[in-house]
Amino acid sequence: MNAARPGAPTAVAPGAPTVGLGGRPSVAGDRDLPGHADRIGCTTVNESLYAEALAPFLAETRRLRPQHAEVIDAHTHLGLDEDGRSLSLGQLLSQLDDAGARRACVFPLHDPERRPAYSVPNDRVLAWAEESEGRLAPFCRLDPAEGPVAECERCLAAGAKGIKLHPRAQDFVFDGPEMDEVFKLAEDSGVPVLIHAGRGLPPLADGLVDLALRRPGAVLILAHGAICDQGILTTRLADHPGVLYDISCFFPLDVIELFARVPAERVVFASDPPYGLPATTLYMALRVARQARLDEAATRGLLGGTMASLLDGHGLPPGGAPRRGPSIELSGRLARVYGYASLVGPALFTGVVEQARAMLEMAIAACRDPDPGNVGEALEVVGGALRAASGLLESEDSIRPAIDLVYRAIVRAATELPDGN
Ligand SMILES: [Zn+2]
């Protein structure tokens, strides 16, 4: 598990800025592998600090996970991104192993060698998927400005199992004729289309909805909980027969709320490596599922059952009513911790380390409570994680494990059931 290699280049910011930590040397980025003998002592201390704070989260993951549930990560990348981040086949498979995920959907990053038409990165992903012996389902990434239909047909013939679109990176909306043709192709060939629907987008929801409703045979996977316009998308697509929402999000409230807006059968596990980490996002999936009181069958569907059915050609399972009501009940004590701790990650992503530290100290202070009510154990675990994160932030090499702990802490704080169970 992660405890064994806390410094590994696997920071945890699912749905976080695609200009991630790797683009900012001041926040350590990918330089956190122990490289110099004079840093090894410090790294060892940090490793045990991280491992100790992580242990209760790992134990809880084991407890909550249904036995033999298949885990499929619906959103992973391979190759190189313009922002400096990269992921190799071996690294991705090992991250999936850490989460007990056998399979994943995979597509290129914002690759510097993407022109023309994304053909070079698409071919690389197809080859890596082939090498993975069935573990990776390759999706082809398309640029609407560079012959997307021809590239898509080429990749489908070469074994692609889906299509990936990134309207921010490729700078497009869904009103043009190219997108209609791509959706038609998806409809005709029965492959899903995964669309970045996270931060940083212009208002594109209505154009996307109109197109989706014109081509209802194309199954869509809206990435990052569709946070770019979760209200519009979940409302206007409520009667669409095939829209899935992936949970690669940095803020657990976005995922919690999804269960109030769409059927549990339409929400799928995804972690977005190299920006997120499957094992960490798995913890969120299990916590959110428990908070939404999903039964075991629905939890299995969320973790991988729904994606397995889609990828294996059996279509989507029928969706029921959304499982949650319109409000989120939280312990007031943990809500205070959540409020401060949720500001730490964004401050680190933008390089404002002092602000991150200040918010982290406030979150730690909110965990010190001689009258914890029925959330004493949660405050203890969350406080331990946040204190360890604070220690890790002392060293530039350990910022990514620090973010991992902060992320797990906000997940725990936001998903504790009000009766303390
Ligand atoms: Zn992504």
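Let us begin with the hairpin of strands β1 and β2, where five residues lie between the strands and G84 takes a positive phi near 100°. Please keep in mind throughout that this is a predicted model.

With β3, residues 101-108, β1 pairs in the parallel sense, over six bridges. There, V71 stands opposite A101 in β3.

The peptide bond from R115 to P116 is cis, with omega near -5°. P116 lies in the loop between β3 and helix α3, the latter spanning 119-131.

I turn next to strand β8, residues 243-246. Which way do its side chains point? V243 and Y245 point one way, L244 and D246 point the other way, and all are buried. In a regular strand, side chains alternate between the two faces of the sheet.

Strand β8 pairs with β7, residues 220-222, in the parallel sense over three bridges, and L220 stands opposite V243 in β8. To pass from β7 to β8, the chain runs through helix α7, residues 230-236, and this β-α-β crossover is right-handed. Strand β8 also pairs with β9, residues 267-268, in the parallel sense over two bridges. Here the bridge partner of Y245 is V267 in β9. The chain reaches β9 from β8 by way of helix α8, residues 252-261, in a β-α-β crossover that is right-handed.

The loop between β9 and helix α9, the helix being 278-291, holds P274. A cis peptide bond joins P273 and P274, with omega about 10°. The loop between β9 and α9 also holds D272. D272 is not a glycine, yet its phi is positive, at about 65°.

Is D272 buried or exposed? D272 is buried, because 29 other C-beta atoms lie within 10 Å. R293 likewise has a positive phi without being a glycine, in this case about 55°. The place of R293 is the loop between α9 and α10, where α10 covers 296-311. R293 is exposed, because it has 12 other C-beta atoms within 10 Å.

Let me now consider two helices, α11 at residues 332-341 and α13 at residues 353-367. Their axes come within 8 Å and cross at roughly 170°. An angle over 145 degrees counts as roughly antiparallel, and α11 and α13 are therefore roughly antiparallel to each other. In this contact, R336, V337, Y340 and A341 from α11 meet M359, M362, A363, A366 and C367 from α13. The residues of the contact divide into eight nonpolar, no polar and one charged.

My last topic is L392, which is found in helix α14, residues 376-392. Why does L392 count as buried? It does so because it has 26 C-beta neighbours inside 10 Å. Leaving aside neighbours within four places in sequence, L392 is in contact with N46, L49, Y50, S398, P401 and A402. L392 and Y50 are 342 residues apart in sequence, while their C-alpha atoms are 7.8 Å apart in space.

Notes:
Residues are numbered from 1 along each chain as its sequence is written. This is a predicted model: local features need pLDDT of at least 70, side-chain atom pairs count only at pLDDT 80 or more; totals for chains, interfaces and linings use all residues. A residue is buried if 20 or more other C-beta atoms lie within 10 Å of its own, exposed if 12 or fewer, and partly exposed in between; C-beta atoms are placed from the backbone. Helices (H or I, at least four residues) and strands (E, at least two) are DSSP runs, numbered from the N terminus. Two strands pair if DSSP finds at least two bridges between them. A crossover is right-handed if, with the strands pointing away from the viewer, the path from the first strand over the helix to the second runs clockwise. Axes are lines fitted to C-alpha atoms, for helices over the stretch in contact, and angles run from 0 to 180 degrees between N-to-C directions. Angles under 35 degrees count as roughly parallel, over 145 as roughly antiparallel, 65 to 115 as roughly perpendicular and the rest as oblique. Two residues are in contact if their C-beta atoms, placed from the backbone, lie within 7 Å. Ala, Val, Leu, Ile, Met, Phe, Trp, Tyr, Cys and Pro count as nonpolar, Asp, Glu, Lys and Arg as charged, and the others, Gly among them, as polar.
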